[in-house]
Amino acid sequence: MGSVYVFVLIVLIHESYVEGLKPGGLTNVLKATPEVQAVADAIKPQLESNTGAVFDEYVAVQYATQVVAGVNYFIKVDVGHDKYVHLRVFKSFEGELRLVRYKQGLKSADPLSYF
């Protein structure tokens, strides 16, 4: 019976890697979805408050996630004029969102990665 559980666990871990879900690691970078745009929009006031900037253009273009004690979203946001901001947003299992970190002054070619 124990070998069946081990086999199932191995299959699940393999499938996770195929899907880009590394345990504790980031997923592959994907094109942003409406859900990711909603996450970015929800923390936009925090970002503007922290940076002192007002972003007229604010479009999530890419994202990756990391499952922790909730979910970390790593989001690449186009803020216009070939300028990008990378966000790390924590979403608790209760649904609360918090801006954890951000990087400014980035370009389109700057890859989204863990920070």
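These are my notebook entries on a predicted model of one protein chain.

**Ground rules**

I number residues from 1 along each chain as its sequence is written. Because the model is predicted, local features need pLDDT of at least 70 and side-chain atom pairs count only at pLDDT 80 or more, while totals for chains, interfaces and linings use all residues; side-chain values use heavy atoms, with hydrogens and water left out.

**Entry 1: the overall layout**

I began with the secondary structure. Helices (H or I, at least four residues) and strands (E, at least two) are DSSP runs, numbered from the N terminus. I found two helices and five strands in the chain. Along the sequence they follow the pattern α-β-α-β-β-β-β.

Next I looked up burial. Buried means under 20% relative accessible area, exposed over 50%, and partly exposed in between (1.4 Å probe, protein chains only). Of the chain's 115 residues, 36% count as buried.

Then I turned to contacts, meaning heavy atoms within 4.5 Å. I took the contacts with a separation of 6 or more; residues 24 or more positions apart account for 44% of them.

**Entry 2: helix α2**

Helix α2 covers residues 34-51. I checked its length first.

Where does α2 have a kink? I found a kink of about 45° at I43, shortly before the proline P45. The bend at a residue is the angle between axes fitted to the seven residues ending there and the seven starting there.

I listed the buried residues of α2: V36, Q37, V39, A40, I43, K44, L47 and E48. They pack against β2 (59-68), β3 (70-78), β4 (84-91) and β5 (97-106). After the helix comes G52, with a positive phi near 75°.

**Entry 3: V36 up close**

I picked V36 from helix α2. V36 counts as buried because its relative accessibility is 1%. Leaving out residues up to four places away in sequence, V36 touches A60, Y63, Y73 and I75. V36 and Y63 are 27 residues apart in sequence, yet their C-alpha atoms are 7.4 Å apart in space.

**Entry 4: the salt bridge**

Side chains of opposite charge can pair when their charged atoms come close. A salt bridge is a side-chain nitrogen of Lys or Arg within 4 Å of a carboxyl oxygen of Asp or Glu. How many did a search of the whole structure find? It found one. The side chains of E48 and K44 form it, at 4.0 Å from N to O. Both residues lie in α2, four residues apart, about one turn of the helix. An α-helix has 3.6 residues a turn, so residues three or four places apart point the same way.

**Entry 5: rings**

Rings of Phe, Tyr and Trp (its six-membered ring) pair if their centres lie within 6.5 Å; planes under 30 degrees apart count as stacked, over 60 as edge-to-face and the rest as tilted. By this rule I have three aromatic pairs. One of them is F55 with Y58, tilted, 6.2 Å centre to centre, with 35° between the planes. F55 and Y58 are both buried.

F74 and Y114 are also a tilted pair, at 5.4 Å centre to centre and 45° between the planes. F74 lies in strand β3 and Y114 in the segment after β5, so this pair ties together parts 40 residues apart in sequence. F74 counts as buried, at 0% relative accessibility. F74, Y114 and F115 form one aromatic cluster.

I also noted a charge over a ring (NZ of Lys or CZ of Arg within 6 Å of the ring centre and within 35 degrees of the ring normal). The charged end of K76 sits over the ring of Y84, 5.4 Å from its centre.

**Entry 6: Q66**

Q66 is in strand β2. Is Q66 buried or exposed? Q66 is buried, with a relative accessible area of 9%. Its contacts, not counting residues up to four places away in sequence, are G24, G25, L26, V71, N72, F74 and Y114.

Most residues other than glycine have a negative phi. H81 has a positive phi, near 55°. D82 also has a positive phi, about 55°, and is not a glycine. H81 is exposed, at 77% relative accessible area. D82 is partly exposed, at 43%.
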